[in-house]
Amino acid sequence: MLNTTAICAPGCDKNHGYCENQPGVCKCHDYWRGPNCTQCVKLPGCSVNGRCVKGGDCVCKDSTWGGSKCDIDLNPCRSQPCGNHGNCSYDGSNRVTYKCTCISSFGGDRCQYLRPIILSYQITFDTVQLEWTDINPNVSMGIVDQPTSTTYYVQYLPITNGKLDVQCSSCISTYGIQQTRYLVTKLLDNTRYQFKVIAVTNSSDPIAIEGEWIQVTTKGPPGAPEIIRLTTQQDQAHFKWSLSPESTGGYSIDQLQFQIQYQIVPPLFNWDDRGSCQRCKLVASARNNGDEELQNLKANTTYAVRIVVTSPAGHNVSDWKIVITKAVPDPTQIIGITTTGQSAVVSWNLIRYNGGYPLNNVQYILYYAAQNAANINMTCTNCTQIANATGTAVIANLQSNTIYNVSVATKNPAGTSFSTWKTMKTKGLPGLPVIFNITVNINTVTVHWSPIQENGGYALSNVVYYVEYIAIENEPIASNRTANTSQTFMTFTIHRDAATSFVVRVVSVNPTGIKLGDYKHGQVRGLLPAKCNLASITLTNTTASLSWDPVTYNGKYLLSEVKYYIQYKLFDGESEDCQLCTNTSKIANIFMEITQLIPDTFYRFRVVAVNPYGFSLGSFARGRTERNLQSPQPATSKTGMYIGIAVGAIAFSIVIAVGAYLLYRRYHSKAMRSISVQRLRNLMSPSVSDLDLDSRDTITLTSAEMTT
């Protein structure tokens, strides 16, 4: 027996050390050692990848090792399946699944192939000759002659809006190609295309390796040049034009010819006419740098000027530009409008020709009005004006979600010119988010909603959402909100110890403001209560008094919400089937009395705990009711007692005999066959060779039949 009062050595660990009638010593329990029994000993056979925590155990140092001795490698990346051209990663879910992230020039599930990168291309009007890298690294390095069996496909698509379609949902794809070069035909001239090569290995488990997109423009007629600056004096005009490199039709600038067309503007001149000009004067450009000069013009006269550019594939013209010698200033052009909910920023080009006046003698005036209040064909007398000479003006105090007309006027001593009227619309509130699904769990809620289809004029990417929710128990709890998200779902926690009702709505937010969605109602579910077993059973001949301990866990519901009832049945062995059980009514107490039981009978009882989520079944317990007690009899003589005993024995013998006789008649009658006289006569006819009777047959005859 341990002496629990002995004082062990100083520092001896109370949990892992002890002293047995030997004060001042420190003996260690199993799997602990050291002078103070503080050094944990691992389970025998535990690998270096495991460590000791509780003594005699083997806890793996990280999730990449498993097994009882931490000797099973769970990290598929440790064998470097991605080689030298990729990085291996896995999510730890199993020993098989991993992912290779390849460096830019390699692809494949294990980064074992080169990507089919387009190396060169040759362009004509309607064709592009492509050549790309063989995906087999050895072939590309010249180590082997025969490539891996591979089929290549070329995907291409005209580029619209100046943006690559990386999803390539409408791409054109060639048939399978066995070489590393291909001629794409039937292209549009002067069109920008995107090209990419996809390689597919010819194997039982094909692998697709994608190359990189390139952009190629087919040759064609040149684009339209643009006159970007005009200045005049009394008899000459100087102007600057440009042609972007993308507008040469695929030719170099030296292969193009430029000419200047100009004329005095006639009445009803069509400024949008891009056809030939029979009345124009034509001057060859002396140089192709876009810096031109016209001589011998009439003073204070309006001219129309444009640039003609010609290539082997065709020609094009710039827009007509107005040249006014010593007159009103050129009109400016609005180049940018940015709106918010209540303001707008308008920017415009500063003019380079002021009708012959110095440029510092021009005034810029911004005109704007709501669309239904402005006459955009003439000077707007009802417009609000902002004078500004910087090329940018801020308009404040606008109404949200409203269309305005805006123009910028240039003014000098000779008169005023208006820019083209532009329409702008202030931004509005985002659309209404609509909840279409609410998923609840024990104490979490996941809300899904449809993305808004209109964002008040902002890009749909410029909207965020958050969720407002109010948890409700017996009384409302203060409203809560989640963080902002750009996604269309959100999971949050209702911090309650019981099942909780709630209302929730989604709020969309853009720079103008917020839009509140409609409230939806839901409830966070709880769990089953803990199981409850009988603590005591007291039985009489017809009653059972039962008691049990209350549950201490009610599945996140309040403990006051749990109810109990008893299931009981006649003893039927250890069966858990309760089809023949009797169920009592539900109560909140932890005791119950059951009446009207059968005396001297075995019963099985169990407690059922119930909450709003469901019920938990306790274990069956059995008990036997008592026998009925007989009424006491007055004392008699021994003779009477003996007579009573004898009479009882005789009565018991008679009961046994009658019972035995009834059983004999029951089973014997089943074995007997009754045969009528007519049947007997038929059996005795000459045509019957055998009566077919045996000892079990009984022939039943009436007195008349016996006489016959």
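How many aromatic pairs does the count come to by the rule for ring pairs?

Guide: The structure is a predicted model, in which local features need pLDDT of at least 70 and side-chain atom pairs count only at pLDDT 80 or more, while totals for chains, interfaces and linings use all residues. Residues are numbered from 1 along each chain as its sequence is written, and side-chain values use heavy atoms, with hydrogens and water left out.

Rings of Phe, Tyr and Trp (its six-membered ring) pair if their centres lie within 6.5 Å; planes under 30 degrees apart are stacked, over 60 edge-to-face, and the rest tilted. The count by this rule is 19 aromatic pairs. One of them is formed by Trp-132 and Tyr-152, a tilted pair with 5.7 Å from centre to centre and 55° between the planes. This pair links distant parts of the chain, for Trp-132 belongs to strand β14 (residues 128-132) and Tyr-152 to strand β15 (residues 150-158), 20 residues apart. Both Trp-132 and Tyr-152 are buried (under 20% relative accessible area; exposed is over 50%, partly exposed in between, with a 1.4 Å probe and protein chains only). In another place, ring pairs connect Tyr-156, Tyr-193 and Phe-195 into a cluster.

Rings also have charged neighbours. A charge sits over a ring if NZ of Lys or CZ of Arg is within 6 Å of the ring centre and within 35 degrees of the ring normal. Lys-219 is placed over the face of Tyr-251, 5.6 Å from the ring centre.

Of the 708 residues in the protein, 37% are buried.

Cysteines complete the picture. Across the whole structure, a search finds 12 disulfides, each a pair of cysteine sulfur atoms within 2.5 Å. Among them is the link from Cys-77 to Cys-88, with 1.8 Å from S to S. Its torsion about the S-S bond is about -70°, so this disulfide of Cys-77 and Cys-88 is left-handed. Distant parts of the chain are joined here: Cys-77 lies in the loop between β8 (72-73) and β9 (86-89), and Cys-88 lies in strand β9, 11 residues apart. Cys-77 counts as buried because its relative accessibility is 14%, whereas Cys-88, at 25%, counts as partly exposed.

Another disulfide joins Cys-102 to Cys-111, with 2.1 Å from S to S. The link of Cys-102 and Cys-111 is left-handed, with -95° about the S-S bond. Cys-102 is partly exposed at a relative accessible area of 24%, while Cys-111 is buried at 2%.

A further disulfide is formed by Cys-578 and Cys-581, whose sulfur atoms are 1.8 Å apart. The torsion about the S-S bond of Cys-578 and Cys-581 is about -100°, and therefore this disulfide is left-handed. Cys-581 has 14% relative accessibility and so counts as buried. Cys-532 is likewise buried, with a relative accessible area of 3%.

Key
Helix = DSSP H or I, 4+ residues; strand = E, 2+ residues; numbered from the N terminus.
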